[in-house]
Amino acid sequence: MSEEAGKRVCVTGASGYIASWLVKLLLERGYTVKATARTLKDPKKIEHLLSLDGAKERLQLFEANLMVEGSFDSVVDGCEGVFHTASPVFFLTRNLQEELIGPAVKGTLNVLRSCMKVPSIKRVVITSSMASVVYKNIPLNPDVLIDETWFSDPVYCEESKLWYALSKTLAEEAAWKFVRESGIDLVTIHPGFVIGPLLQPTLNLSAEGFLNLIKSGTELFPNAIYRCVDVRDVALAHIQAFEIPSSNGRYCVVGTVKHSSEIMEILHKLYPALNLPKREGGKMPDDTVHQVSQKKAESLGINFTPLEVTLSDTIECFKEMNLLCF
C-alpha cells in the first residue's frame, strides 16, 4: 500500500472515460475515493466502477448535479483533494447555454464554491482541454510550438462556432478568476484527443470518433489533425498534479500530433486484416501538423505512451466490446 493510503479525495463525473481511469489509479494507490455521478439509478453507468480493485472498501458513490449550488458540499467534505472532471461534451447542440456553456461554467464554479468551504482540501485539479488552449486566429504549422501560455480566444471560438472549445475556455477563465479571489490551489490539465482502452461499457465522444475514423464504411478517412494522448497518461497526470507539491498552473498533455493519414499508416501496419479506409477525403484542414510542448507535463513524471501502443490497446478494447470484428 502506498503512502497515500487513507487519504480521501473526490472525483466528479466519475463514470466518464478519463475519470474512470482516474478512479482506478487512485484506488490502486490506496486512496479513499468519493465519486459523483448524475444518477446512481442506472447500473450500467456505475458497475464498472464498483468492480474495480479496492472499490468495495474505499469507493463511495454520490449523486450530484453540476447546476445545483451546494450539490457537492457533502461530497468534498473531509477530502484533501478534488478532481473535477465532470463537464458536458457536445460539438453540436440546439441549446448552447443550457446544455453546454451553463453546465461547464456554472458547474465548475459550484464545485469550487463547495471546495472553498472545506479547509482540509489542499488542491483542486480540473480536467480542461487543449480546446481551451489552441483556438485563436493563428495558423498552426510545423514551426509553431503550443505551450501553457496559449489561451483560446472566446470571440474566435464563437465566430467559428467552436461551441465545445468555447465552453471549456469560458469555464477555465471563470475558474482562474475564482481562485485568484478565493486563494484555492488550482491546477488544470489540458489533454488533446484522448484515446486508449475504455473501462466504461459505452463509448464516449472521443472513442466514438476514433471508432468512426477506422470504421467509416468508405474508402475515405477524414482529412484532419489529431493531438493524441493515451487516457492512462491523462489520468496519471491528474494524480501527479495533485501529489507533487510544486505542481502549478496549466499542463498541456499531448503525446503526439499526427495527421489522420499517419495514424492510418500505423494502423495498416498493426492490423493489415482490418478493413480500413485507404484515402483521405474532405477539405484540407486550415492547420498542419504542429508541436505541443511536453516539457511541463514531463515535469509531472509523465512518460508518454507510444502511439502504436495506444492504438493497439484501443483496437483490442473495441474487439472485446464487439465493436470491431476482423
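How far apart in helix H10 are lysine 269 and glutamate 265, counted in helical turns? Some notes on that and other points follow.

1. Ground rules. This is a predicted model, where local features need pLDDT of at least 70, side-chain atom pairs count only at pLDDT 80 or more, and totals for chains, interfaces and linings use all residues. Residues are numbered from 1 along each chain as its sequence is written, and side-chain values use heavy atoms, with hydrogens and water left out.

2. The H10 pair. Lysine 269 and glutamate 265 are separated by about one helical turn, being four residues apart in H10 (residues 260-270); helices (H or I, at least four residues) and strands (E, at least two) are DSSP runs, numbered from the N terminus. Their side chains form a salt bridge at 3.8 Å, N to O, the term meaning a side-chain nitrogen of Lys or Arg within 4 Å of a carboxyl oxygen of Asp or Glu. Lysine 269 is exposed at 65% relative accessibility, while glutamate 265 is partly exposed at 46%. Here buried means under 20% relative accessible area, exposed over 50%, and partly exposed in between (1.4 Å probe, protein chains only).

3. Lysine 24 and glutamate 28 sit four residues apart in helix H1 (residues 17-28), about one turn, and their side chains meet in a salt bridge of 3.1 Å, N to O. Lysine 24 is partly exposed at 23%, and so is glutamate 28, at 47%. An α-helix has 3.6 residues a turn, so residues three or four places apart point the same way.

4. Of the eleven salt bridges in the structure, one joins aspartate 230 to arginine 232 at 2.8 Å, N to O. Aspartate 230 is buried, at 2% relative accessibility, whereas arginine 232 is partly exposed at 23%. Asp313 is linked with these two residues in a network of salt bridges.

5. Helix H7. The end C-alpha atoms of H7 (residues 163-182) are 28 Å apart, which agrees with the 28 Å its 20 residues should span (expected span: 1.5 Å times one less than the number of residues). Because 14 of those 20 residues are buried, H7 is largely enclosed by the rest of the structure.

6. Methionine 130. This residue lies in the loop between strand S5 (123-127) and S6 and is buried, at 2% relative accessibility.
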